[in-house]
Amino acid sequence: MEHDFEERPELTGSLISIEFGPGGRMQQLWAQDPGLPDEGEDFQFILPPIQFGEESSDDYYPGTILIGARTSPDESWIVSRNTQALFLSGFESENYDPSSVSYEYQFPFWEDIRATGRFYEVATPMAHICWDVEIRNAGRVSIEIGELGFPMAFNNYCDDFGWRDDQLAKLWNSRVYLHKYIGGGSSWLFAERMTAQAPGLLVFPGDDTSWEFYAHVPASLNTPYQWEGIPVFYAHSKATIERELWPEWFNDHTSLILEPGDSRRYQMKMVPIESDMHDGVHMTLAAFGKPTVKLLPSAVVPVGQGVSVEVQGHAPSKFYISREAQVATDHDTTSSFCYIQTDEPGALTVSFRDQFDKMCYSHLMFVEPLATLIQKRAQYIAKNQIMEDQNQIIHNAIVLTNIETGAKATEPEDFVDASGLESSLADALFLAEKNAIYPAQEEITVLNRYVRDFLLGTLQNPGNFAVASVIDESTQTATYFGRPLIYPHVFNLYHSLFRIATTYGGTEFSGTDYLIFSYRTAIAMFEQGWRLYVRTVGILGYARLYDLVTDLRENGLREEAEELHNRLLGKAQDLMKLKYPYAGESVLDTSGFEEVFAAARFMGDDDHLE
């Protein structure tokens with residue numbers, strides 16, 4: 001334990017070392033692999049200084065406290081944060097503890113709110129850092145604390161990296177994904193390294209503390225940066241909802257009344273864990289006696305399908321269900337089990353109390369049967385999203401439609417970037433996939449017109465089958481054929497139409513025609529789409545080309561199958577030469593994972609599969 005009494009106190013624990021800066025905020029947090037503490041490499045989790053508008057990331061480093069309060073229900077909430085903090089060296093105290101770091105926080109606009117924080121290590125059940133925050137009303141009138149938020153500016157910033165392997169290696173080895181679960185007393189945040197290697201950092205509310213809500217720092221989202229912004233976790237959020245005019249979330253939004261002289265303690269714990277998000281998080285929480293919730297098969301299921309809620313770490317004896325449903329429960333000394341099933345679509349909350357009597361929540365959603373949802377979506381496309389105007393270049397196109405007003409996105413500016421056409425093709429692909437399973441002639445007719453008038457008539461070059469990605473606003477012609485990400489929408493659309501043509505029928509072209517269209521579009525992607533675009537970018541939907549090779553071969557198009565196979569082989573070999581070929585269109589985009597997995601399976605590359 002070392003102290004720089006002027007600027008940067010430090011707390012050195014068994015597995016976590018923290019350097020503090022202004023306001024009592026963490027400037028750096030280094031963690032070690034708990035499985036190999038003496039062999040593994042330390043990892044630094046805190047975000048570097050980043051400016052966004054008038055604010056900076058270091059305004060929201062862990063150790064920051066956001067407080068919103070008022071002294072009367074008729075007053076507006078006044079929000080403040082600990083811009084300054086007095087480091088309590090403790091040498092003058094008989095209770096001085098050299099293994100902890102303590103602060104007295106100062107909040108502008110709130111002199112009557114006194115808060116202290118203490119960071120210290122606890123060895124059991126595994127070495128972790130505790131942060132105890134005590135808030136006291138030092139004034140003479142009651143104070144309502146309507147907002148108590150804890151920002152967690154961990155290093156999820158993915159900008160300033162290129163697509164070269166050395167650049168992606170730096171990205172993947174220095175950045176984290178942030179996984180969040182907000183369930184009252186069972187809440188947690190897991191900062192997982194992008195490589196999924198240890199250590200990961202698990203942060204969760206400690207004794208007698210819960211998180212009821214989370215949001216992001218608004219200014220951190222209003223940037224062109226490639227990141228998800230800075231999350232904030234709230235123990236009280238009534239003021240946040242009212243101030244931002246947000247609709248209420250699933251959980252209650254609470255406040256705390258502090259009478260003069262009253263105080264309240266909150267706790268947060270930080271522990272480095274093994275890399276696995278699921279078992280590592282749940283096993284660690286259970287070891288701390290915290291409720292850990294697993295949902296099987298998922299939080300969203302069709303009606304008639306049950307959801308199993310398994311709670312370990314703390315075994316509640318009673319579950320509360322927010323609406324009528326079929327429920328079965330069981331519990332023993334270490335775990336509890338609740339099975340819920342209902343025939344009524346809609347949200348449902350399962351809750352229970354932890355050992356400190358804090359409510360814990362799991363939010364489920366029961367939807368209509370998947371077949372019903374698929375068919376309703378297809379019916380909506382065919383009924384509401386078709387542009388019918390022979391005088392326009394987008395005649396018989398499927399276009400984006402406002403679900404509230406019914407207005408179609410048909411203005412020229414809606415197609416001056418790739419999103420307009422990619423959205424159209426994505427909905428057309430959905431409609432084709434649906435009709436390959438649940439055919440309806442009126443929807444197949446919509447697809448026939450779409451392909452004939454819009455796709456072949458407007459978007460694709462009839463000579464080489466190159467696909468345009470924008471429509472020029474001045475000339476109203478389709479252009480820019482060098483964007484590979486649009487091609488999978490098209491060759492997969494043709495591939496789906498092949499399946500419709502060879503089963504149900506009713507299509508404009510034969511199954512063989514569609515296979516050739518799909519093949520030619522794929523070849524155009526290799527020759528035209530990647531001509532001016534980085535070739536190591538993974539593309540969502542590309543992996544289905546391996547199935548296209550099989551169908552080409554089985555339908556007598558062996559030369560085409562061989563040509564496409566060779567193209568796939570070359571691309572797969574190029575990807576497998578790279579250690580980190582996982583970027584999509586942006587380095588934050590994970591769509592490249594699918595292509596890398598398919599290529600690794602094709603090449604038998606176990607390292608990239610893992």
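Me: What is the length of the polar contact that joins the side chains of Ser 237 and Glu 212?
Reply: This is a predicted model. Ser 237 sits in the loop between strand E18 (231–236) and helix H3 (238–244). Its side chain and that of Glu 212 are joined by a polar contact of 2.7 Å.

Me: Is Ser 237 buried or exposed?
Reply: Buried requires a relative accessible area under 20%. The value for Ser 237 is 0%, so Ser 237 is buried.

Me: How many Å apart in space are Glu 413 and Tyr 225, C-alpha to C-alpha?
Reply: In sequence, 188 residues separate Glu 413 and Tyr 225. In space, their C-alpha to C-alpha distance is 24 Å.

Me: What is the volume of the largest pocket?
Reply: Rolling a probe the size of a water molecule over the atoms shows where empty space is left. For the largest pocket, the volume is about 660 Å³.

Me: Which residues that line the largest pocket are the closest to its centre?
Reply: The lining of the largest pocket has 19 residues. Strand E15 (188–193), helix H12 (592–603) and helix H13 (606–609) each give two or more residues to this lining. By class, the lining divides into 10 nonpolar, 4 polar and 5 charged residues. Closest to the centre are Thr 195, Tyr 582, Asp 607, His 608 and Glu 610.

Me: What percentage of the residues in the chain is buried?
Reply: The chain has 13 helices and 30 strands, and its C-alpha trace spans about 90 × 55 × 55 Å along the principal axes. Of the 610 residues in the chain, the buried share is 51%.

Me: Over which residues does pLDDT stay under 50?
Reply: The chain has a mean pLDDT of 93, with 97% of its residues at 70 or more. Where pLDDT is low, the predicted coordinates should not be read in detail. The stretch under 50, for which the model has 20 contacts beyond four places in sequence, is residues 1–6.

Methods:
Residues numbered from 1 in each chain as written. Predicted model: local features only at pLDDT ≥ 70, side-chain atom pairs only at ≥ 80, totals over all residues. Heavy atoms only, no water. pLDDT = per-residue confidence, 0-100. Contact = heavy atoms within 4.5 Å. Helix = DSSP H or I, 4+ residues; strand = E, 2+ residues; numbered from the N terminus. Buried < 20%, exposed > 50% of the residue type's maximum accessible area, 1.4 Å probe, protein only. Polar contact = N/O pair within 3.5 Å; in protein donor to acceptor, adjacent residues only side chain to side chain. 1 Å grid on protein atoms, 1.4 Å probe; cavity = no way out; pocket = protein on both sides within 12 Å on 5 of 7 lines; lining within 4 Å. Points joined across faces, edges and corners; volume = space filled by probe spheres on them. Nonpolar A, V, L, I, M, F, W, Y, C, P; charged D, E, K, R; others polar.
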